[in-house]
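Have the viewer ready and follow along.

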Amino acid sequence: MSTQTTPAQAPASDWKPTSCILCECNCGLEVQVGGEDNRHLVRFRGDRKHPISKGYVCEKPSRLDHYQNGPDRLLQPQRRRPDGSFETIDWQTAITEVAARLARVRDEHGGSSILYYGGGGQGNHLPGSYAVATRRALDMRYRSNALAQEKTGEFWVSHRMMGTESRSDFEHCDVGMFLGKNPWYSHSIPRARVTLKQLAKDSERTMIVIDPRRTKTAKMADIHLQVKPGTDAWLLTAMISILLEEDLIDHEFLNQHTDGQESVREAFADIDIAAYCAHAGVPLEQARAAARAIGRARRFASFEDLGVQMNRHSTLVSYLHRLLWMLTGNVGKPGTRYIPTTLVPLANGSYKRDSPVTGSRIIGGLVPCNVIAEEILTDHPERFRAMFVETANPAHSLADSRRFARALEALDTVVVVDVAMTETARLADYVLPAQTQFEKAEATFFNFEFPENCFHLRPRVFEPPEGPLPEAEIHTRLVEALGGFEGAPIAELQAAAEQGLPAYAKAFAGTVQMNPQLGALAPALLYRTLGPALPEGLAEGAVMFGIALQAVSRTPEPIARAGFSGPPLAAAIQLFQAILEQSSGVVFARDRWEDVLGRLETADGRIQLALEDLLDGLEELEAGPGNGDEDFPFVLSAGERRSFTANTIFRANDWRKKGADGALRVSPQDATALGLETGESASLTTHRGSVRVPVEVTDTMRPGHISLPNGMGLTGEDRGPGGVAPNDLTDTAHRDPFVGTPLHKFVPARLEKAAAPGTPV
Ligand SMILES: Nc1nc2c(c(=O)[nH]1)N[C@H]1C(S)=C(S)[C@@H](COP(=O)(O)OP(=O)(O)OC[C@H]3O[C@@H](n4cnc5c(=O)[nH]c(N)nc54)[C@H](O)[C@@H]3O)O[C@H]1N2
Ligand SMILES: Nc1nc2c(c(=O)[nH]1)N[C@H]1C(S)=C(S)[C@@H](COP(=O)(O)OP(=O)(O)OC[C@H]3O[C@@H](n4cnc5c(=O)[nH]c(N)nc54)[C@H](O)[C@@H]3O)O[C@H]1N2
Ligand code: SF4
Ligand SMILES: [Mo]
């Protein structure tokens with residue numbers, strides 16, 4: 001499993017533990033540094049000691065030096081001049097001015113008028129935990145991040161049905177299904193390719209893929225339902241109807257653990273199964289075979305992702321998908337659905353309020369990404385007036401980039417914290433440079449495993465360069481500049497930390513009791529007072545002490561089974577110490593399958609099968625999917641994951657070993673009709689824009705469906721765009737009616753052979 005790339009640079013260090021930061025798997029990695037000034041990542045291998053990835057890696061992490069030493073790196077704080085250019089300022093000036101400007105916006109319009117966006121990408125979630133302190137110091141009430149343009153529909157449905165989130169165990173399933181998900185390239189399950197190969201090669205096990213493209217994953221499947229783009233709602237409705245019609249449901253499970261089966265039966269009673277399969281472009285017998293495989297499975301696992309979550313009926317499909325595994329009783333036994341123990345519950349589907357201007361549902365506290373521009377570009381008194389963006393690139397990743405750029409321009413103050421001068425940073429008033437994820441301690445809360453769950457605090461790999469700061473320091477300085485620590489016994493707490501965690505915990509608790517307002521700023525206070533006492537390179541891990549204490553109080557048993565037991569403080573101290581010491585990741589929870597159904601957090605502890613508003617949505621399907629728009633006859637999927645895409649984590653174009661041109665994939669039938677060949681340029685037009693793009697003709701595409709890669713089209717001072725920025729083509733109004741998630745996989749489009757260069761148009 002060892003990968004070894006990057007030029008002939010002699011490694012100058014031992015193997016150092018870290019992790020890959022390119023997708024939510026965060027596989028454990030060992031790296032050697034070397035090259036010029038020993039500031040390069042030169043050798044890579046999977047870390048066998050990592051409890052989940054166990055040495056597994058894909059082809060991408062060997063390219064990580066293009067992140068660490070990529071273009072557009074920022075080393076000093078930047079302030080925008082009136083003419084739009086930037087000047088370098090010192091940190092003291094930057095912190096003072098940012099604090100003063102945001103405080104002024106808060107004083108004039110309330111903290112609710114400042115929106116926090118981001119806080120963590122695929123590899124780094126500590127910034128978001130420290131930002132909690134800044135948000136509280138400024139009384140900021142609204143926040144958002146990428147989850148609110150993909151997962152909030154699923155979270156909401158899940159919350160209403162189970163009171164909590166759940167995941168599937170593909171390692172032990174006998175039937176595994178991927179719905180709008182291409183894990184060979186996008187991963188998202190541990191050791192994805194190993195698990196996929198095992199599932200595919202075992203004749204006793206069945207793999208089902210629902211995808212309009214014949215993806216690498218689909219090619220491995222026993223049953224590939226090559227659905228027409230945007231018609232999954234019809235297909236899943238038909239499959240559920242087949243389960244009910246053929247009585248392939250688990251009555252005992254339904255009676256024991258669920259409410260609402262009658263309403264569900266009623267809603268599906270009159271479905272014309274054959275017509276619905278035809279709407280979805282899937283042969284009836286194939287849909288029946290898939291439904292039967294699921295109905296007869298002893299252990300069914302499934303994963304839905306962007307192919308349906310960024311598509312027509314996305315929230316409805318998340319609901320139908322759940323009915324498939326709930327009606328068949330596939331919850332709470334190995335190879336099915338589980339509810340993991342979490343350190344920080346990232347997935348939260350609660351719905352408590354609406355956004356101030358458009359009145360859109362806020363799920364899990366996240367303003368829907370597609371309404372942010374509308375919440376700014378208005379004269380509504382409660383509009384957002386300022387934005388704090390951290391470790392995200394929304395000017396590139398949110399729908400309709402041009403409109404989002406206008407929204408940023410309309411704000412009073414925009415602050416961006418990033419490692420690089422990004423598309424978003426270029427539109428900011430202040431850009432604060434962060435250390436890279438290899439120059440500070442980092443971690444993610446993408447910890448969804450079961451029965452053993454793992455958390456990985458990675459120590460830094462490099463000494464940080466002069467200039468950039470870790471987000472922990474940036475937020476703590478902002479809190480200090482905002483007067484948050486006034487009267488806090490900083491020196492006393494620092495002295496207590498030197499005496500050890502028990503003394504520190506006692507002093508910290510005493511401080512917060514005396515000054516309750518400091519409790520709200522705990523992450524920054526922990527960093528400032530406990531951070532300096534932590535081992536070299538781990539100061540940014542200080543917030544984990546508070547997080548460990550919360551976790552052992554919330555779910556003591558599974559954490560005790562992992563070895564961290566006793567009264568909460570004692571258990572938290574042991575857990576925190578293990579987090580600091582085990583630099584390849586620590587197993588923090590050991591769960592039991594028999595406990596899963598006891599973790600349902602609905603009012604009566606039972607699964608709620610009948611969500612009336614979504615069952616009502618079924619009626620809408622009766623009319624069929626329609627013929628679309630004559631002027632835009634193609635369905636464009638704007639943002640496919642490919643071998644060498646990784647959101648916008650790499651800014652260089654040359655990190656890609658393949659696919660650097662970002663070609664649009666087109667079926668042979670459509671290519672012939674348009675007179676296009678691989679490598680030729682086409683003109684691609686949507687309601688929002690028009691671009692020129694090279695074409696790749698491939699029989700993996702369904703006629704009428706075209707697909708562009710994600711994360712492309714970044715520009716820098718020294719280079720033009722590599723590929724097309726997909727959100728030059730998307731529209732903010734094109735969103736899910738329930739939770740406002742974008743329909744990026746279902747963009748009406750027109751495709752034409754581009755005129756030869758130089759031809760007048
Ligand atoms: N290589 C790589 N891996 C990544 C990332 C990356 O940038 N690059 N990003 C990470 C992130 S942030 C995420 S969220 C995940 C996303 O992971 P995925 O959701 O797996 O990624 P996509 O390729 O966007 O979409 C999955 C599939 O949906 C299919 N699809 C399109 N339209 C439809 C439809 O109408 N119905 C159905 N059923 N399927 C449809 C597409 O053909 C595609 O194969 O990947 C993560 N992993
Ligand atoms: N049309 C279309 N749009 C999409 C998608 C699609 O499929 N189609 N996919 C969507 C999805 S699923 C996602 S998750 C989003 C992703 O989009 P975003 O949430 O905007 O995140 P990234 O592209 O991962 O950008 C991460 C940023 O973090 C910066 N960064 C890296 N390391 C650090 C660090 O240590 N500290 C700080 N402060 N910054 C750092 C990088 O320079 C980069 O600017 O894109 C979405 N946009
Ligand atoms: S699966 Fe994801 S985290 Fe693991 S090596 Fe590949 S890109 Fe990195
Ligand atoms: Mo994502």
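## Helix 18 against helix 22

Keep in mind that this is a predicted model. Helix 18 packs with helix 22 (residues 522-529) at an angle of about 110°, and their axes are 9 Å apart. Angles from 65 to 115 degrees count as roughly perpendicular, so helix 18 is roughly perpendicular to helix 22.

Who touches whom here? On the helix 18 side you'll find Ala472, Glu473, Thr476, Arg477, Val479 and Glu480, and they meet Ala524, Tyr527 and Arg528 of helix 22. Sorted by class, the residues of this contact come out as four nonpolar, one polar and four charged.

## Helix 18 against helix 3

The axes of helix 3 (residues 126-137) and helix 18 (residues 471-481) come within 9 Å and cross at roughly 10°. Anything under 35 degrees counts as roughly parallel, and therefore helix 3 and helix 18 are roughly parallel to each other.

From helix 3, the contact draws on Pro127, Tyr130, Ala131, Ala133, Thr134 and Ala137, while helix 18 brings in Glu471, Ala472, His475, Leu478 and Val479. The class tally for helix 3 with helix 18 is eight nonpolar, two polar and one charged. Note that Ala472 and Val479 of helix 18 turn up in this contact and also in the one with helix 22.

Aspartate 139 is not a glycine, yet it has a positive phi of about 60°. Look for aspartate 139 in the loop between helix 3 and strand 8 (142-144).

The other one is a cis peptide bond, running from phenylalanine 450 to proline 451, with omega near -5°. Proline 451 belongs to the loop that links strand 20 (430-433) and strand 21 (452-455).

How values were computed: Residues are numbered from 1 along each chain as its sequence is written. Chains are lettered from A and ligands numbered from 1 in the order in which they are written. This is a predicted model: local features need pLDDT of at least 70, side-chain atom pairs count only at pLDDT 80 or more; totals for chains, interfaces and linings use all residues. Side-chain values use heavy atoms; hydrogens and water are left out. Axes are lines fitted to C-alpha atoms, for helices over the stretch in contact, and angles run from 0 to 180 degrees between N-to-C directions. Helices (H or I, at least four residues) and strands (E, at least two) are DSSP runs, numbered from the N terminus. Angles under 35 degrees count as roughly parallel, over 145 as roughly antiparallel, 65 to 115 as roughly perpendicular and the rest as oblique. Contact means heavy atoms within 4.5 Å. Ala, Val, Leu, Ile, Met, Phe, Trp, Tyr, Cys and Pro count as nonpolar, Asp, Glu, Lys and Arg as charged, and the others, Gly among them, as polar.
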